[in-house]
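Notebook open, model loaded. I want to look at one strand with its neighbours, then at one residue.

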Amino acid sequence: MCRRSRNFGMTACLSQSPSFKPWVVSQFMACIFFLLVLFFLAAGNANAWNGRVVKVLDGDTVEVMNCNGKIVRIHLYGVEAPRKSQYFGDECTQYFARLVESKSIHVINVGRDLLGRMRSMVWTEGLSVNEEMVRAGYAWVSNPLGLSPSCEKWMGVQVAAMESKAGLWHGVRQCLSRGRVPDLPPSCPLY
């Protein structure tokens, strides 16, 4: 059933649902958008924090003092480096130390690995430390299937590092050419 409106010369059908005023809808949508932004910012920052590196333990593990003065041990997410006692471990540790030692870092905790260790993305002075370790040839991507798009990107960085024989890849190729297999973790892409 339709009737003609006197004010606007338009026909309105009573069978249709009432329409909302445009400004009410836009205010409602703005409130929803604002609440969603707050939700995502709060959720995204729950695992992000800043700290100062107090000790470099090996090529992918550091101890960091957080804002509460607590020392937290973190491991780089998505990458692996040899331990100090393994082939090229000292060099990897020294390079990592040059990047982060006594510096302020930004940390995003991604989660724990199978051994219960906290895995984190780390930045210092705008540099992704995880990616830089791979680029320089002092670490490799430890989860090539990746839980994040970063791991996929780092695979290309790793291939370039291996081809240019950066960091440990130079020595690894020399060892292999002599018939020796260097002592590296099983996650190393040589195995």
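I count two strands as paired if DSSP finds at least two bridges between them; strands are DSSP runs (E, at least two residues), numbered from the N terminus. This is a predicted model, so I keep in mind that local features need pLDDT of at least 70 and side-chain atom pairs count only at pLDDT 80 or more, while totals for chains, interfaces and linings use all residues. Residues are numbered from 1 along each chain as its sequence is written, and side-chain values use heavy atoms, with hydrogens and water left out.

Entry: β4 and its partners.
I looked up strand β3 (residues 48–58) and found it pairing with β4 in the antiparallel sense, over five bridges. Lys55 has Glu63 in β4 as its bridge partner. Two residues make up the hairpin link from β3 to β4.
On to strand β5 (residues 71–76): β4 pairs with β5 over five bridges, also antiparallel. Here Met65 is bridged to Ile71 in β5. This hairpin has five residues between its strands, and Gly69 in the turn shows a positive phi of about 80°.
Is β4 enclosed or open? Four of its five residues (61–65) are buried, so β4 is largely enclosed by the rest of the structure. Buried means under 20% relative accessible area (1.4 Å probe, protein chains only).

Entry: Glu80.
I find Glu80 in strand β6 (residues 79–80). Glu80 counts as buried because its relative accessibility is 12%.
Which residues does Glu80 touch? Leaving out residues up to four places away in sequence, I get Asp60, Arg119, Ala139, Trp140, Ser142 and Ser187, with contact meaning heavy atoms within 4.5 Å.

Terms used. Buried < 20%, exposed > 50% of the residue type's maximum accessible area, 1.4 Å probe, protein only.
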